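Please look over the structure below before reading on. My notes follow as numbered points.

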Amino acid sequence: MVNMIDEYNEIINNTPFIQHILVIEDQAQRRTIILDEANYSLGRHSSNSIPMYSRQASRHHATLVRKFNNKTNQYSYLILDGDLEGNKSQNGIFINGQKCLIHELADGDLINFGCDVNASYHHLGRRDNGLMNAALNLAGDPNSESQTLDNSQGNNLIKSTLILSNEDTVNERDEDDTLEDQSYLDTITGLPNQTLFKEYLYIAISNAKRYHNCAAILLIDLDNLPQIYQSIGQEAGDRILKEAGNSIRKRLRNGDIVARWNETQFAILLPQMNDTQNLPNIVQRIILAIDQPITINQQTVKFYPHHAIASYPKEATDSVEILNLVEKRLTQVKLKEQSVATFTTGTTPDLQTPNRKERVERRLYRALEKGELALFYQPQVNLKTGEIEAMEAFVRWQHPQQGLVKPSQFLPWADQTELINPLSQWILQTACEQNRQWQQAGIPALVISVNLSAKQFYQDNFSNLVTEILKETGLEARWLELEITESLVLDNFEKAQTIIQSLRQLGVRFSLDDFGKHYASVRYLRELPVNKIKIDQSLIAKLAENSQETEIISALIDLGKIFHLQVVAEGVENQTQLATLQNLQCFLMQGYRFSQPMKSEDAKNFLLLHRSTSP
């Protein structure tokens, strides 16, 4: 057999010596073991190098094998499931929450043996005497679990010594079957479950106490997970959940552990921290892992997680206290979140603070998922024919606390988040489906008009999105009208022109909203392929006979006629405005003088009563 002292001397002459330590805990005791042999066997049988005191441990549960690296002149240890004959354990081994057959141990690795036996692996430099003494509990402790042996060679080598209890034989139980325990992994994600996580947490806190380090727990709640399952189904939901767990795991450091805590929550253990100064950056990196939309079955799903953090030893003294603290904090976060989303009419959204932006986006997304958003419809009336020629769709939010919220109170906020794209898709889809349903109910076909913001209109592949929605709903393109503002067009005229032309080729109609507010040049109006202009309601509101506004509106009406465009007056509220517009030869009108925006069922009844012939 190779002389171990000679081998160590060769290593020390070339590189700093590394001491390998295994800290193992079972029902009997906690032991610190200095690893220096070529291999070790671990199991329930007393013949093992490292006996394990648990009825759930296999008789020969795992093996440690030393591996030497010629390039670095250092060695490491591999841990194998089972013995060297190829026999596997009953319940397996888990390294940092992942079940494995073989693993090369790294400093700080947490090990669970598929039962109530846990261990952690560490390597320390030869001259790290302070850390070594702490690890071995030798600082004047007469009950030390390890001893220094064989110092006669002058190299201060620490040999492995196992301090066992008097009941160190389990021969009478060796023939008993191993108690199988299948309750350590979550069946959906394959991650450790709450039981296994608590085992890891206990040993992590024990190590942190022993080595005077820090540890932390991050608890993440996927608040909208039940709605996602309801929307995409059980199988797809399971796939999404598993992907979320994998995304978190990929962002973790070596030794960190992610577990499925309960139905909607993940728990992350951060056991190796010198201090908590960098904790916010670590948490932010983990949260970002599940902050990206996931597409499955042609459906885009986005999690909006709540999270809370607690640390040892600054905020808690043991594993029970730190768990109670982080769960209490998460509950407080969720309760606080329920009171978020109070929007004030006329205010300019200020979402520069990331947390505020996240809260607003999350609340609006939940409103969309829970069916709190709905479309209301307002008619465009042709006074010359007496017919309703179009219905404009407006989104409304039926807030559970604040009642009906108008679009001007929340759309500006949504427009500054990534929610605006799925929201615009929902609005378009719902409006087209509604128009098709009216046709199927026997109502003569009419135009459905939908407003677009700049972010909606200029999003990538917008033309393809509209095409796909028309195909899915079965609505002919000529019965869809998209409203864009004058300012939107002026921001990027060439791109706007391209998008409009591509959809006009399909038959989609376009109207220029808020016309007259920014006074676009006549050249732009001539070159823009729109069907209709809508005179801004701020001009209509000031309308009076023989006033300056009357002259402006008259000029806008004449301009529309020159370019063969329909002209609609928005915001008509009284008889004076109506009569003046008629005198100016503007007969298409929209406003409270005829009807306020109506729910879909009320709009249907309105159309059945007033819509008799096609335009």
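1. A definition comes first: angles under 35 degrees count as roughly parallel, over 145 as roughly antiparallel, 65 to 115 as roughly perpendicular, and the rest as oblique. Keep in mind that this is a predicted model.

2. Take helix α4 (residues 225–232) and helix α5 (residues 234–250): their axes cross at roughly 135° and come within 7 Å. α4 and α5 are therefore oblique to each other. The crossing of α4 past α5 is right-handed.

3. On the α4 side, L225, Y229 and I232 make this contact, and on the α5 side Q234, A236, G237, D238, I240 and L241 do. Sorted by class, the contact of α4 with α5 has six nonpolar residues, two polar and one charged.

4. Helix α12 (residues 462–473) packs with helix α14 (residues 493–504) at an angle of about 25°, and their axes are 10 Å apart. That makes α12 roughly parallel to α14. α12 passes α14 in a right-handed crossing.

5. F462, S463 and V466 of α12 meet I499, S502 and L503 of α14. The contact of α12 with α14 has four nonpolar and two polar residues, and no charged ones.

6. The largest nonpolar core has 81 residues, and M391, F457, F462, L480 and L482 have the most contacts inside it. Helix α10 (residues 420–440) gives the most to this core, with seven residues. A second, separate core has 31 residues, among them A244, F266, M273 and V301.

7. What does L482 touch, leaving aside residues up to four places away in sequence? The contacts of L482 include L428, V450, L452, F462, V466 and L503, and also R509 and F510.

Methods:
Residues numbered from 1 in each chain as written. Predicted model: local features only at pLDDT ≥ 70, side-chain atom pairs only at ≥ 80, totals over all residues. Heavy atoms only, no water. Axes fitted to C-alpha atoms, helices over the stretch in contact; angles between N-to-C directions. Helix = DSSP H or I, 4+ residues; strand = E, 2+ residues; numbered from the N terminus. Left-handed = near helix turned anticlockwise from the far one by under 90°. Contact = heavy atoms within 4.5 Å. Nonpolar A, V, L, I, M, F, W, Y, C, P; charged D, E, K, R; others polar. Core = buried A, V, L, I, M, F, W, Y, C linked by side-chain atoms within 4.5 Å. Buried < 20%, exposed > 50% of the residue type's maximum accessible area, 1.4 Å probe, protein only.
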